[in-house]
Amino acid sequence: MTVRYVRGRIFTADPENPWATTLVVGKDGRLAHVGDGDSPPQPGDEVVDLAGAVVLPGIIDAHTHLIYLGRSLTEVALVDARDLADIQSRVRAAGQKNPNAARICGNGWLYTALGGRAPIRELLDEVLPDRPVYLSANDQHSAWLNTAALAELGIDDETPDPVDGTIERDQSGHATGLLIEGAMQTLMRRSLETSMTEADHEAAMAAALDAYTAAGVTGVVDMGLDETSLSALERLLAKDALPIRVSGHWLVHRTGDERADLAQVDIARQHALRIDHPRLRVLGIKVKTDGVIDSCTAAMKAPFADGRHPAPIWDRASLTPVIEAAHRADLQIAIHAIGDEASDVALDVLEGLEQAGGGAGACRRDRLEHLETVTPENVERIARLGVIASIQPVHSDPAIQENWRERLGDERVSRGYPWAELVSAGATITLGSDAPTAPYQPLPNLYIAATRRSAMNPGLEANLAENSFPLEAAIAHATADAAYSCWSESVTGRLAPGMSADFIVLDADPFRDGPIALRDATVECTVVEGVRLAMKCPS
């Protein structure tokens, strides 16, 4: 049945035809007409009166972690915890509410909430000593455990650090309860996954997808695929229960053994060749060149304010063969690079590949993720090499910047998240959330992108407002450019004839009322391939 959506304020993200009032969706789920009018309805056609509502292309979250998002939705939420007492109170309450739970998991705590205290196991032992407690930090690059959790993982004074992470220890050599980077990933997350069933993994994945659908997201790029998450996605696909488009990058961990590193690239290659479905694809690999600023694990050219100066997780020598192998396998490269030294390493390797005849970054649309600090020279290099700048506006929310700024403590703060420089250089920019390190909802994310103000605490001053995007540009980065970043620009991301009918209907008008309307707006309707998925869709 043909469906005609009429009397809308439709932003298409199509430069040739940016605005329309009418969408006609054909029986094949594609757009048959986008414009200001069309031929009269035919018998059997459905007509949907938008009554002036704003329509946008479906949002594509260009950087997320689906299974961890799904799990986080059932964990103790700590991002808005005011202080240590508040964190402890929430953990205690979760333990009392779930007396039979084998362990208590939480996520989102901020270093600033601790008031200068270190996240040590004794602080959690005070409120829940008899069961393991696992609290992932807001940045998802460190985790705070109690004594029982360390024991459950088998971590003691003799446990060696993984090559890409750290078990934090006190002056006596005892584990403090803080796991950083690879120690969190390899020692904690992998261990916890063994206690979960396939049904658990599938339920977490489904919860994330349902949350995204309700929020107006019609496609995502998962930046941390592994066997667990990919298997869950494939099971959902087999059940026709994958409501949105999922593209993924296989996470490659540095092992210290080049052969083992390259074996992970080959696994990604095999999955990319094996899976061929419009709703599920494996595009490439993801490597984390450094950590994050909040825990002083980002690779910086100059030391942090407290003197710490960690090396990159991947140096140039170890990263080069992995990138070369991925390019030979025709895989897209996504490189986590938050610190200015990390982006230097990543770009050196990509530029070296180009100079050696391996093709420019644009050939595979290689990406740098986050780019919270980057030198002016490397801003220009990103644009010249055709590398996509993948950024997450929610990370710049002023409400979570206090610790970030204190860690740097110098003029680097004044160039934090330099989006305007990337625009001026001509870089291709795509937006995501990096959920669950930050809220997954795209409309507040777009509000931050267009204002650099806080979606969590509206009273705060903007974070370097000159680096915000114009509203229409922000939306295009989250739709058309996000589709380009995952090789989907011929299918989705714009509202134009022949494109998939992926769009959303809002209950607010940010073009009339300004970006602030996005902060509290809700999605009335989410449409994917012409199918209305949300409950409030007009009819």
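These legends walk through several close-up views of one predicted model. Residues are numbered from 1 along each chain as its sequence is written, and side-chain values use heavy atoms, with hydrogens and water left out. Because this is a predicted model, local features need pLDDT of at least 70 and side-chain atom pairs count only at pLDDT 80 or more, while totals for chains, interfaces and linings use all residues.

**View 1. The largest nonpolar core has 101 residues.**
A nonpolar core here is a set of buried Ala, Val, Leu, Ile, Met, Phe, Trp, Tyr and Cys residues joined through side-chain atoms within 4.5 Å. Buried means under 20% relative accessible area, exposed means over 50%, and partly exposed is in between (1.4 Å probe, protein chains only). Nonpolar side chains tend to be buried together in soluble globular proteins. The members that touch the most others are Leu66, Leu209, Tyr212, Leu233, Ile285, Ile382 and Leu446. Helix H6 (residues 198-215) gives this core its largest share, seven residues. Helices (H or I, at least four residues) and strands (E, at least two) are DSSP runs, numbered from the N terminus. Take Leu209: leaving aside neighbours within four places in sequence, its contacts (heavy atoms within 4.5 Å) are Leu66, Leu233, Leu236, Leu242, Pro243, Ile244 and Val246. There's also a second, separate core of 22 residues, with Val76, Leu78, Ala113 and Leu124 among them.

**View 2. Thr213 sits in helix H6.**
Is Thr213 buried or exposed? Its relative accessibility is 9%, so Thr213 counts as buried. Apart from neighbours within four places in sequence, Thr213 is in contact with Pro243, Ile244, Thr526 and Leu533. Thr213 and Val523 are 310 residues apart in sequence, yet their C-alpha atoms are 9.5 Å apart in space.

**View 3. Ser295 is in the loop between strand E17 (280-288) and helix H9 (316-328).**
Ser295 counts as buried because its relative accessibility is 5%. Which residues does Ser295 contact, leaving aside neighbours within four places in sequence? They are Tyr111, Asp139 and Arg308. C-alpha to C-alpha, Ser295 is 9.5 Å from Ala137, although the two are 158 residues apart in sequence.

**View 4. The largest cavity has a volume of about 250 Å³.**
Rolling a probe the size of a water molecule over the atoms shows where empty space is left. On a 1 Å grid over the protein atoms alone, a cavity is a set of points where a 1.4 Å probe fits but cannot get out; a pocket is an open set with protein on both sides within 12 Å along at least five of seven lines; and lining residues have an atom within 4 Å of a point. Grid points are joined across faces, edges and corners, and a volume is the space filled by probe spheres set on the points. How many cavities of 30 Å³ or more does the structure hold? There are eight. In the largest one, 23 residues form the lining, and Asn138, Asp139, Asp294, His395 and Ile400 are the closest to its centre. Sorted by class, that lining has 10 nonpolar, nine polar and four charged residues. For these classes, Ala, Val, Leu, Ile, Met, Phe, Trp, Tyr, Cys and Pro count as nonpolar, Asp, Glu, Lys and Arg as charged, and the others, Gly among them, as polar.

**View 5. The second largest cavity has a volume of about 180 Å³.**
Its lining has 18 residues, and the closest to the centre are His65, Gln140, His141, Arg189 and Lys288. Helix H5 (182-194), strand E15 (217-225) and strand E17 (280-288) each give two or more residues to this lining. The class tally is four nonpolar, nine polar and five charged.

**View 6. The largest pocket holds about 690 Å³ of space.**
Among its 30 lining residues, Arg71, Thr74, Glu75, Cys105 and Met196 are the closest to the centre. Cys105 is partly exposed, because its relative accessible area is 22%.

**View 7. Arg7 has a positive phi of about 60°.**
Most residues other than glycine have a negative phi, and most peptide bonds are trans. Arg7 is in the loop between strand E1 (3-6) and strand E2 (9-11). At 52% relative accessibility, Arg7 counts as exposed.

**View 8. The peptide bond from Ala435 to Pro436 is cis.**
Omega is near 10° for this bond. Pro436 lies in the loop between strand E21 (429-431) and helix H15 (442-451).
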